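Visitor: I have not looked at this structure before. Please show me how to read a few of its features.

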Amino acid sequence: MSDPANTWPHCVISLDAGWDVVADAQHANPEYANELARLATRHGAIWRTEDFDVTLDELLRRNEARPRADHVPEEYIRSSWKRFHHVMFRPLNPEDPNGNLLKRMIADLYVRVTPVRGESDVFACNFTREAFLEGRWNTRTINARGL
């Protein structure tokens with residue numbers, strides 16, 4: 001997948017370190033935005049999108065007001081708006097884990113989730129040996145003790 005803003009490596013490094021990440025690039029292509037959401041999910045991060053529904057005329061006006069060195073080619077703005085505007089402004093859904101603590105724990109590479117024998121909906125969550133040895137502490141690994 002193309003990474004137009006070179007966001008991917010920065011997000012991976014930051015998520016690996018347990019930091020919060022804001023990817024503020026355009027990401028108008030829903031396929032790319034979904035890939036970032038899946039990356040967050042794999043790291044056990046809570047993610048959300050913020051879309052700002054701006055008219056094409058307003059985008060062009062704002063671009064004109066920018067310093068010349070920061071101008072985006074008008075044709076790029078027009079073609080991107082035409083191509084993606086109709087698919088934006090709806091929530092992403094790569095198996096949304098945001099409201100589900102168990103899914104966030106399962107998604108965290110440093111948390112081991114084990115079903116409790118004899119129970120259908122009870123799970124034990126423990127931080128992994130790697131979390132301990134590598135100091136991979138975040139809210140999930142800290143709370144995985146005895147959950």
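Visitor: Which residues are exposed on the other side of α4?

Guide: A residue counts as exposed when its relative accessible area is over 50%, and as buried when that value is under 20%. In this predicted model, Glu75, Lys82 and Arg83 are exposed on that side of α4. The buried residues of the helix, which spans residues 74-84, are Ile77, Ser80 and Phe84. Looking down the axis of α4, these buried residues fall within an arc of 70°, so they line one face of the helix.

Visitor: How many helices and strands does the protein have?

Guide: The protein has 7 helices and 2 strands. Along the sequence their order is α-α-α-α-α-β-β-α-α.

Visitor: What share of the residues is buried?

Guide: Of the 147 residues in the protein, 30% are buried. The accessible surface comes to about 10500 Å², and carbon and sulfur atoms account for 53% of that area.

Visitor: What share of the contacts joins residues 24 or more positions apart?

Guide: Among contacts with a separation of 6 or more, such pairs make up 53%.

Visitor: How do I read a salt bridge, and how many does the structure hold?

Guide: Look for a side-chain nitrogen of Lys or Arg within 4 Å of a carboxyl oxygen of Asp or Glu. The structure holds 4 salt bridges. One of them links Arg136 and Glu134, with the closest N and O atoms 3.4 Å apart. Arg136 is partly exposed at 25% relative accessible area, and Glu134 is partly exposed at 44%. Elsewhere, salt bridges that share partners join Glu58, Arg61 and Arg62 into one network.

Visitor: Where do Glu58 and Arg61 lie?

Guide: Both lie in helix α3, residues 56-65, and they are 3 residues apart, about one turn of the helix. The relative accessibility of Glu58 is 22%, which counts as partly exposed. Arg61 is partly exposed at 48%, and Arg62 is partly exposed at 44%.

Visitor: Which residues form the nonpolar patch on the surface?

Guide: Phe132, Leu133, Trp137 and Ile142 form the patch, and together they have about 450 Å² of accessible area. Leu133 belongs to helix α6, residues 129-134.

Visitor: Is Leu133 buried or exposed?

Guide: Leu133 is exposed, with a relative accessible area of 56%.

Methods. Residues numbered from 1 in each chain as written. Predicted model: local features only at pLDDT ≥ 70, side-chain atom pairs only at ≥ 80, totals over all residues. Heavy atoms only, no water. Buried < 20%, exposed > 50% of the residue type's maximum accessible area, 1.4 Å probe, protein only. Helix = DSSP H or I, 4+ residues; strand = E, 2+ residues; numbered from the N terminus. Arc of directions from axis to C-beta. Contact = heavy atoms within 4.5 Å. Areas by Shrake-Rupley, 256 points an atom, 1.4 Å probe, with all protein chains shown as cover. Patch = residues over 30% accessible without salt bridge, like charges linked within 9 Å, V, L, I, M, F, W, Y side chains within 5 Å.
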